[in-house]
There are 2 protein chains.
Amino acid sequence: MVKLAVDAMGGDNAPQSIIEGVELARNENSKIEFLLFGDKKQIQPLLKDNKNITIVHTDEVITMDDEPVRAVKKKKNSSLVLAAKAVKDGEADAFVSAGSTGAVMVAGLLIIGRIKSIDRPGLTVTMPVINNDTGFTMIDFGANADAKVNNICQYALLGKFYSKNVRKVDNPKIGLINNGTEDDKGNIIHQKMHQALQSMSDNGDINFIGNIEPRGLLNGITDVAVTDGFTGNAVLKSTEGSALAVIDMLKDGIKNGGIKSKMGAFFLKDTLKKIAQKMDYTKYGGAVLLGLKAPVVKGHGNSNPEMIKNCLFHANEIVTSGYVEEVENFFNNTEKND
Amino acid sequence: MVKLAVDAMGGDNAPQSIIEGVELARNENSKIEFLLFGDKKQIQPLLKDNKNITIVHTDEVITMDDEPVRAVKKKKNSSLVLAAKAVKDGEADAFVSAGSTGAVMVAGLLIIGRIKSIDRPGLTVTMPVINNDTGFTMIDFGANADAKVNNICQYALLGKFYSKNVRKVDNPKIGLINNGTEDDKGNIIHQKMHQALQSMSDNGDINFIGNIEPRGLLNGITDVAVTDGFTGNAVLKSTEGSALAVIDMLKDGIKNGGIKSKMGAFFLKDTLKKIAQKMDYTKYGGAVLLGLKAPVVKGHGNSNPEMIKNCLFHANEIVTSGYVEEVENFFNNTEKND
């Protein structure tokens, strides 16, 4: 049985959405045990069935207003900290929360801890690609806004093993997000990152396809896009914002376009639904903080039960895929050979 | 009469599209004179009417394969270099090219030259906003990938005067693209940029609205988005790529969706056309390199005649708006007060 430690109090719709999501996951997969951290008085009445679910009571909660580092250090009995601690103590295999991103990252880093040889974990998200169902994985999109060259090299490895083990992509293509595809493109640090990734590729450690431009990401130019957290954040938010803007314009156009456009929308309903499903990257189950000793999955603050379920299955998939073990083995072997 | 120096040989469809674009512009606006630099044997036969058009013959051309700095220095008789030189020598008021972006930037910088007090020019583009027709202006999206704090402060001023004079936005809002809206967000350099912009705002020099996230750009959160050239490039290409991906999916869905979806598309035609028009930022007339002594407008390499016309009108608008003079006055007054 895989055991997941769940912060039942994190997120805008907690604990209701979290509980419902846990029950959805439990009903679909009987091989997962759930440890729910939070207020038992609120949680128990919401639960339809306690099968495979254990509530670990605590009153303390980390809110969005809390400063992350301070909150994780001071609120030792918060649902978020206790859930992370359960993973550290071996009582659970992975940690899932829809709470404050900052606090989840800090708890992951300080409580669960880094894999040996990884200097900084990277926030990782899988986004849709028009012409396949695997999507592409971007690392980092915000954990490390001042990334150095060695961070990027480690992200490439983390992204490679994640894509291979969790997304089931054989020999995944790794691209560096840059301001042009030519080898010498980029500012000073991105030029150095390119050279370092090329060396790793020459050594056979990764399948580096060179610099990539964000324009082609949704068209599937790469399986893994590595980037510093500042640029990755800008790419993620631009991509989201732009897709939503086009969809909003379509909706507005239909709403204000009279009977003809409403008929059009009616006939196009299936097509529009397919697009919405394709673009819905919540199916990939939230973001994951890679580089830690156990999977840490962060759900969107606004997650509904279906999204929480996807986060839980995502965490379960990372555990069962053997991803962490493979990363650890890689670095152990590298050290031996050095 | 405004005089525009046009590189007739730059771009994928040159000289045909350039000539047709010039004639479109001439036919709509009789107050512009055009100096066309390029091969007279190719240009003259394409011209329907020489009114307000002068051809300055040259055989030499800078291609996309040329290394920009070297090409501008060596190919002294190229259409691109001669057109820029005409502006420097006072024979024309602005320089327009759809040729190599790198070469246009180098020619602008080395031949036309920077406004005193501006350290680095910034590539500037205006993009659509869902709920207004003014769009928003982003500076820089690629001239200066290693921007320093003082570059960003100058971009804010250049963007302010451009937005005010050319886009006719009263007291334009200036936002700094960052990885969160809180004042302390960002990596080290973006934190410093925020502080510097805030000081300028406190002095009354700009209307700084603080940090902005790319997610809201197309929703009109700001009039001017300032950013380093590396991040700006990523934002521009992500925004374009994502919008195109959604539109492509819609087209594919309609094409492969059977008779029902084709009927839907038929009824929705007007709505889809409006969206395409809204998202078409070529109407804003190409990119402009701000911070130079005269307007330098760069059209897309793939420009059709309509897009070239928009670039020419854009250059004309910058000249007649008095934008360069206002920037120069601002810095002269600042120096006097220092």
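Biologist: In chain B, which way do α4(B) and α5(B) cross, left-handed or right-handed?
Modeller: The crossing of α4(B) and α5(B) is right-handed. Please note that this is a predicted model.

Biologist: At roughly what angle do the axes of those two helices cross?
Modeller: The axes of helix α4 (residues 79-88) and helix α5 (residues 101-112) of chain B cross at roughly 35° and come within 9 Å.

Biologist: Which residues meet there?
Modeller: From α4(B), B:L80, B:V81, B:A84, B:K85, B:V87 and B:K88 take part. They meet B:A103, B:V104, B:A107, B:I111 and B:I112 of α5(B). By class, this contact has 9 nonpolar and 2 charged residues, with no polar ones.

Biologist: Turning to the two chains, what rotation superposes chain B on chain A?
Modeller: A rotation of 180°, with 0.0 Å of shift along its axis, superposes chain B on chain A at an RMSD of 0.0 Å. The two copies are therefore related as by a two-fold rotation axis.

Biologist: Which C-alpha of chain B is nearest the axis?
Modeller: That of B:G264, at 1.9 Å from the axis. The same surface serves both copies, since 100% of the contact residues of chain B recur in chain A.

Biologist: How many aromatic pairs are there over all chains?
Modeller: The structure holds 9. One of these is formed by A:F330 and A:F331, edge-to-face, with 5.3 Å centre to centre and 90° between the planes. Elsewhere, ring pairs link A:F266, A:F267, B:F266 and B:F267 into a cluster.

Biologist: Why does A:F330 count as buried?
Modeller: Its relative accessibility is 15%, and buried means under 20%. A:F331 is buried as well, with a relative accessible area of 11%.

Conventions
Residues are numbered from 1 along each chain as its sequence is written. Chains are lettered from A and ligands numbered from 1 in the order in which they are written. This is a predicted model: local features need pLDDT of at least 70, side-chain atom pairs count only at pLDDT 80 or more; totals for chains, interfaces and linings use all residues. Side-chain values use heavy atoms; hydrogens and water are left out. Copies are superposed by least squares on the C-alpha atoms of residues with pLDDT of at least 70 in both. Contact means heavy atoms within 4.5 Å. Rings of Phe, Tyr and Trp (its six-membered ring) pair if their centres lie within 6.5 Å; planes under 30 degrees apart count as stacked, over 60 as edge-to-face and the rest as tilted. Buried means under 20% relative accessible area, exposed over 50%, partly exposed in between (1.4 Å probe, protein chains only). Axes are lines fitted to C-alpha atoms, for helices over the stretch in contact, and angles run from 0 to 180 degrees between N-to-C directions. Helices (H or I, at least four residues) and strands (E, at least two) are DSSP runs, numbered from the N terminus. A crossing is left-handed if the near helix is turned anticlockwise from the far one by less than a right angle, and right-handed if clockwise. Ala, Val, Leu, Ile, Met, Phe, Trp, Tyr, Cys and Pro count as nonpolar, Asp, Glu, Lys and Arg as charged, and the others, Gly among them, as polar.
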